[in-house]
Amino acid sequence: MSETSLDRETVEEYARWFRALADPTRIRIMRFLSSRPGPAPVGEIVAHLRLNQSTVSHHLKILHDVRFLTRRRAGASIRYAINPRCITEFPGAADILIGASTHSCREPESSRSPLGAPSGRSQGDRFEQ
């Protein structure tokens with residue numbers, strides 16, 4: 001598969017996803033959250049990682065910005081969870097990049113961008129439910 005078979009927007013989006021995972025702390029956050037049945041408050045993530053809250057919040061923001069994580073307010077706290085679309089869609093991006101798949105995550109000839117978001121939405125809305 002040649003690089004030209006992916007449009008520029010898709011290539012840039014994939015690069016953002018892989019950059020977001022290019023840090024050991026963010027991988028640990030993803031692993032921790034993926035092992036839980038539901039959303040976790042920031043305090044639990046901080047306690048699990050044994051890092052200060054500002055460091056964890058910085059990494060959570062990066063993961064949320066590329067929509068690997070969802071977040072919701074619950075009272076005074078914010079709870080984070082793995083975005084279900086990430087679980088089903090991100091592996092397809094990796095397959096495309098290593099040539100294991102000959103087609104992208106997009107529906108043929110559709111107006112949908114990677115991971116199923118309509119192309120009219122902003123980059124920050126990619127994984128939102």
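I started at phenylalanine 68, which is buried at a relative accessible area of 0% (buried is under 20%, exposed over 50%, partly exposed in between, with a 1.4 Å probe and protein chains only). I found phenylalanine 68 in the loop between α4 and β2.

A note on what I'm working with. This is a predicted model, where local features need pLDDT of at least 70, side-chain atom pairs count only at pLDDT 80 or more, and totals for chains, interfaces and linings use all residues. Numbering runs from 1 along each chain as its sequence is written, and side-chain values use heavy atoms, with hydrogens and water left out.

**Overall layout**

I looked up the secondary structure and got five helices and three strands (DSSP runs numbered from the N terminus: helices are H or I with at least four residues, strands are E with at least two). Along the sequence the pattern reads α-α-β-α-α-β-β-α. Of the 129 residues in the protein, 37% are buried. I also checked contacts, meaning heavy atoms within 4.5 Å. Among those with a separation of 6 or more, 55% are between residues 24 or more positions apart.

I followed up on isoleucine 29. Setting aside neighbours within four places in sequence, isoleucine 29 is in contact with Ile45, Leu49, Val56, His59, Leu60, Leu63 and Leu69.

**Helix pairs**

For α2 (residues 24–34) and α4 (residues 53–65), the axes come within 10 Å and cross at roughly 75°. The axes are lines fitted to C-alpha atoms, for helices over the stretch in contact, and the angles run from 0 to 180 degrees between N-to-C directions. So α2 is roughly perpendicular to α4 (under 35 degrees is roughly parallel, over 145 roughly antiparallel, 65 to 115 roughly perpendicular, the rest oblique). Thr25, Arg26, Ile29 and Met30 of α2 make the contact with Val56, His59, Leu60, Ile62 and Leu63 of α4. I sorted these residues into six nonpolar, two polar and one charged (Ala, Val, Leu, Ile, Met, Phe, Trp, Tyr, Cys and Pro are nonpolar, Asp, Glu, Lys and Arg charged, the others polar, Gly among them).

Then I took α1 and α5, whose axes come within 11 Å and cross at roughly 110°. This pair is therefore roughly perpendicular too. I noted that Tyr14, Trp17 and Phe18 in α1 meet Phe90, Ala93, Ala94, Ile96 and Leu97 in α5.

**Loops**

Arginine 50, in the loop between α3 and α4, has a positive phi of about 60° although it is not a glycine. At 77% relative accessibility, arginine 50 is exposed. Arginine 67 has a phi near 65°, also positive and also in a non-glycine residue. I placed arginine 67 in the loop between α4 and β2 (69–74), and with a relative accessible area of 11% arginine 67 is buried.

Last, back to phenylalanine 68: its C-alpha is 5.5 Å from that of asparagine 83, 15 residues apart along the chain.
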